[in-house]
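Let us walk through this model step by step.

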Amino acid sequence: MKPTQLRTLIVSGLVLAAMATVAPAHARDKNPGAALGSAKGDRQDKRLTVETKVQTTVEGSPKSAKTGTLTPANSNWDPPACWYEPAYSPKGVQATVKAIRQIGVLGIGELVGGVFDSYFKEGHPYKNYNLDKQGEGQFWAAAIDETRKDEPEAQACDRMPFWVAKGDPPKERLAVSPRILAEYAYGQIPVPDTEIKMAPEGETKVNLPTWMWLDKAKFKKISVTASLPGTGLSATTTAEPVSLKLEPGTSDAETYPSSGECPIGDDGRIGKPRAKGTPADTDPPCGVRYLRSSGDASYELGATITWRVTWKSTTEPGGDLPPGEFGATQDVVVREIQSVNR
């Protein structure tokens, strides 16, 4: 193994320990806007990543103790797990590297600091941390969605911090933008659980239509706005319920409608409660008719809501994002109708 390869291997294994003890760069830099993020270790290589400064606000959040996040209906699409955002001024990155060098355990600080000095100070590719350009731009660095940090997609942002002059668009596909903020907000939308209401309640009978519906108050539009302070970048992503998909949990069942897709009505409700006095054999607008008893067990009824998702911003036209889904299962007991022979 060549010395340079060994050096890289050692740095890759030790950088997390070094980064974990580095104080936030902005705490050391007194210049306004000097650093929008704080140094943070990466588990895989010798990058300088930052804790994202993206902020989110929610409007229309359901009053429910149980919420989840949307899964894109298109399995080939995922919101970004990482992106690049403004992170360090020249003085901010200089202070960060200096703090790394002060780590004395096993010489880790000097080793890792030397790698960063080579990059930021010695002309490979930057000279003297770009201190002569203080106030004229910032180093952009990788930020990772903490909820997805263990996914392979979180390693897509594998560049070291790079310089972007003030007013210049970053030449990087994953540089933060309203579109990326909108896609990030997609993964932050708190959708309510899909526990459905049924009539009859508790358990149902073989060949008896079971009416099913969802709490109208819980299933409304939900919006999440993601913004990055100091940049003027923001985007709002909105999810709106469209339909409920029923999966009875057995092939010995029929759904209403036959497609198993219950659309949202003009009144904003999915399904409809069975009114008192409704004949037992009346077909519901949304429901299931089980053809066989569940015996001593129960059927696992699946209920999945499909949400239409759109986004907008003040700087880009916005549009549609892939529909999202969120579902759950619940147990349904089905009994035989007991008859008495006289």
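This is a predicted model: local features need pLDDT of at least 70, side-chain atom pairs count only at pLDDT 80 or more; totals for chains, interfaces and linings use all residues.

Two strands pair if DSSP finds at least two bridges between them. The hairpin is made of β18 and β19, with 6 residues between them. Gly318 sits in the turn and has a positive phi of about 75 degrees. The two strands run antiparallel and are joined by 12 bridges. β18 covers residues 299-312, and β19 covers residues 319-335.

Strand β5 pairs with β19 in the antiparallel sense, over 2 bridges. Here Thr71 stands opposite Glu325 of β19. Strand β11, residues 203-205, is joined to β19 by 3 bridges, and these two run parallel. Within that pairing, Thr204 has Val334 in β19 as its bridge partner.

Now turn to a separate topic, an open sheet. It has 4 strands, in the order β10-β12-β17-β15, with antiparallel pairing. Which strands form the edges? They are β10 (197-199) and β15 (253-256), each of which pairs on one side only. From one strand to the next, the twist averages 25 degrees.

How many disulfides does a search of the whole structure find? The count is 2. In sequence order of the bonded cysteines, the pairing reads 1-2, 3-4.

Take Cys82 and Cys157. Their sulfur atoms are 2.2 Å apart, and they form a disulfide. The torsion about the S-S bond is about 95 degrees, so this disulfide is right-handed. Cys82 belongs to strand β6 (residues 82-88), while Cys157 is in the loop between β7 (137-144) and β8 (162-165), so the link ties together parts 75 residues apart in sequence. Are these cysteines buried or exposed? Buried means under 20% relative accessible area. Cys82 has 2%, so this residue is buried. Cys157 has 0% and is buried as well.

The other disulfide joins Cys262 and Cys286, again with sulfur atoms 2.2 Å apart. Its torsion about the S-S bond is 90 degrees, and the link is right-handed. Cys262 is in strand β16 (residues 261-263), and Cys286 is in the loop between β16 and β17 (287-290). The two are 24 residues apart, and the pair links distant parts of the chain. Cys262 is at 1% relative accessibility, so it counts as buried. Cys286 is at 1% too, so it also counts as buried.

Now look at the rings. The structure holds 10 aromatic pairs. One of them is Trp77 with Tyr186: the ring centres are 5.0 Å apart and the planes meet at 65 degrees, so the pair is edge-to-face. The cut-off behind that label is an angle over 60 degrees. Trp77 lies in the loop between β5 (71-72) and β6, and Tyr186 lies in helix α4 (residues 178-186), so the contact ties together parts 109 residues apart in sequence. Trp77 and Tyr186 are both buried.

Phe139 and Trp163 make another edge-to-face pair, with 5.1 Å centre to centre and 70 degrees between the planes. Phe139 is in strand β7 and Trp163 is in strand β8, so this pair ties together parts 24 residues apart in sequence. Phe139 counts as buried at 0% relative accessibility. Trp163, at 16%, counts as buried too. Both residues belong to a cluster linked by ring pairs, together with Tyr119, Phe120 and Tyr126.

Arg159 lies over the face of Phe162, at 4.0 Å from the ring centre. Ser223 lies in strand β13 (residues 222-228). Its relative accessible area is 14%, so Ser223 is buried. The side chain of Ser223 makes a polar contact with the side chain of Thr238, at 2.7 Å.

How values were computed. Residues are numbered from 1 along each chain as its sequence is written. Side-chain values use heavy atoms; hydrogens and water are left out. Axes are lines fitted to C-alpha atoms, for helices over the stretch in contact, and angles run from 0 to 180 degrees between N-to-C directions. A disulfide is a pair of cysteine sulfur atoms within 2.5 Å. Buried means under 20% relative accessible area, exposed over 50%, partly exposed in between (1.4 Å probe, protein chains only). Rings of Phe, Tyr and Trp (its six-membered ring) pair if their centres lie within 6.5 Å; planes under 30 degrees apart count as stacked, over 60 as edge-to-face and the rest as tilted. A charge sits over a ring if NZ of Lys or CZ of Arg is within 6 Å of the ring centre and within 35 degrees of the ring normal. A polar contact is a pair of N or O atoms within 3.5 Å; within protein, one must be able to donate a hydrogen and the other to accept it, and residues adjacent in sequence count only if both atoms are side-chain atoms.
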